[in-house]
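Please look over the model shown here. The notes that follow take up its strands, helices and selected residues in turn.

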Amino acid sequence: MPRTKQSLSAVDTAWLRMERPTNLMMITGVLTFDERVDFAALRATLSERLAGKHPRFRQRVIRKGVGPPAWRDVSDFNIDDHVRFEPEVLDRAGLEAFVSRRMSASLRFDRPLWDTDIVYLKNGGTALIVRVHHSVGDGIALIRVLISLTDDSANPNARPAETAPAKRRLKKDWAAKVRQGARSVAYVARRPRLWRKGIRTGAQLTSEAVGLLTMDPDTPTPMKGPLDVQKVAAWTDRLSLDAIKRIGRAHDATVNDVLMAVAAGALRRHFIDSGVPLAENAEFRVAIPVNLRPLDEALKMGNRFGLAFLALPIGIADPAARLAETRQRMNAVKASTEPVVAFGILNLIGVLPLWGQEVIVGLVARNTSGVLTNVPGPRQSIYLAGKRVHDIMFWVPQTGRVGLGISILSYDGNVLVGVTSDKGLMPNPSALVSRFEEEVRRLDA
């Protein structure tokens, strides 16, 4: 039987081609458990529900000739090439160091572009570290994959993976994300009313594309500079989603507005404590991935998101005023067509010669200081290999010369923030992480 071969989309090709030693295009996730998870049971679950049910996780990328790269089935696929057990028992600091090492090491391109590490923790728990190349899928697609591995209870036979309730929960969260951003180019194009509303003329589209590529620089901070190969990871303790909602109600803001303002406040306090002077108009520009999938494509793999660019008002000292300004800027982002334009630029990157790709990536990255993403996770507890998942966190890759990534994920009534930084620019992201917790307390006072 011939092996399946499928060309990568232009956007997936773009993420593949943006791989650099100083910025690996890899999404890293960590699931923690309060208990020991049996290695054999976890290996069997990954074999059956991940590799067994999602063909992309049994395929590697082949690049031959002048055509686009393609996914090709691996005839000798071996789950043991992708599931490893780490013999050392780690504490929190050891786990952070282990995750940092893994996100600094490239995946093997002669195999399917993912792997996992299973680590036992000194507190009696377990951590599952998952690495997936961005060309496989975006955060929303990979959350869908995560859901498919899990159960609603500790009994793995209580239901098959991805029952209708799980799909409905994911789709509801998905719909909320879509309403917050623009639609995809194809989705808008199929709906003339949205096309006329979102993009009036080809001149407007061209103007916004030029605007994205020629943005004014944001405020100079220590996050501007040459990158190291080594990345460093850290994450918060749980932040109460109820507290964040309470803050939003008090300030007539959405949960996303509050989280963006918390990020602005955390960065402000971190820079000031590091001796960086900030004027009142200081800004820290971040690229925000915006979901662009039509609802009928919510469960497909690949990348379907654009980018919006938000200037976080880190110069504003008062937390309430900073939240009000962040909310106003977020509303402007939601009303713009930036994500659609950025999605078109990503498509262009995937088909340009490499020199053209470098020019465009450089133009965007030079005036962007970080990536900030917020992904909705499962609303209720999930179980993997018979054990309850305690926490979920993840880190997104950065592109070009961007050296900071902030990833926010909600799960089971809580929010966790993961920070990854270039070691040469921010050697201790734990200092920034602690500021997130402080900012929530300040706004909730």
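F284 stands opposite L312 in β11. The model is predicted: local features need pLDDT of at least 70, side-chain atom pairs count only at pLDDT 80 or more, and totals for chains, interfaces and linings use all residues. Residues are numbered from 1 along each chain as its sequence is written, and side-chain values use heavy atoms, with hydrogens and water left out.

Strand β10 covers residues 284-291 and β11 covers residues 305-312; eight bridges join them, and they run antiparallel. Strands here are DSSP runs of E with at least two residues, helices are runs of H or I with at least four, and both are numbered from the N terminus. Two strands pair if DSSP finds at least two bridges between them. β10 also pairs with β12, in the parallel sense, over two bridges. There A287 stands opposite V371 in β12.

How many of the eight residues of β10 are buried? Seven are, so the strand is largely enclosed by the rest of the structure. Buried means under 20% relative accessible area, exposed means over 50%, and partly exposed lies in between (1.4 Å probe, protein chains only).

N374 sits in strand β12, residues 370-376. N374 is buried, at a relative accessible area of 15%. Its C-alpha atom is separated by 8.6 Å from that of I406, 32 residues apart along the chain.

G405 belongs to strand β15, residues 404-411. G405 is buried too, with a relative accessible area of 1%. Leaving aside residues up to four places away in sequence, G405 touches V371, Q398, G418, V419 and T420. Contact means heavy atoms within 4.5 Å. The C-alpha atoms of G405 and D422 are separated by 9.1 Å, with the two residues 17 apart along the chain.

## The six-stranded sheet

In which order do the six strands of the open sheet run? The order is β5-β6-β7-β2-β14-β13, and the pairing is mixed. β5 (83-90) and β13 (383-384) are the edge strands, each pairing on one side only.

β5 and β6 (residues 114-121) run parallel and are joined by five bridges. E86 stands opposite V119 in β6. Helix α4 (residues 139-149) lies across β2 (26-33), β7 (126-133), β13 and β14 (387-395). α4 runs at about 35° to β2. Axes are lines fitted to C-alpha atoms, for helices over the stretch in contact, and angles run from 0 to 180 degrees between N-to-C directions.

Helix α10 spans residues 255-273, 19 residues in all. From first C-alpha to last, α10 reaches 27 Å, close to the 27 Å expected at 1.5 Å a residue. The expected span is 1.5 Å times one less than the number of residues. Is α10 mostly covered or mostly uncovered? Mostly covered: 15 of its 19 residues are buried. Just after α10, G275 takes a positive phi of about 85°.

The axes of α10 and α11 (residues 319-335) come within 9 Å and cross at roughly 125°. That makes α10 oblique to α11. Angles under 35 degrees count as roughly parallel, over 145 as roughly antiparallel, 65 to 115 as roughly perpendicular, and the rest as oblique. The crossing of α10 and α11 is right-handed. A crossing is right-handed if the near helix is turned clockwise from the far one by less than a right angle, left-handed if anticlockwise. Residues of α10 that meet α11 include N256, M260, A264 and R268. On the α11 side, L323, R327 and M330 are among them.
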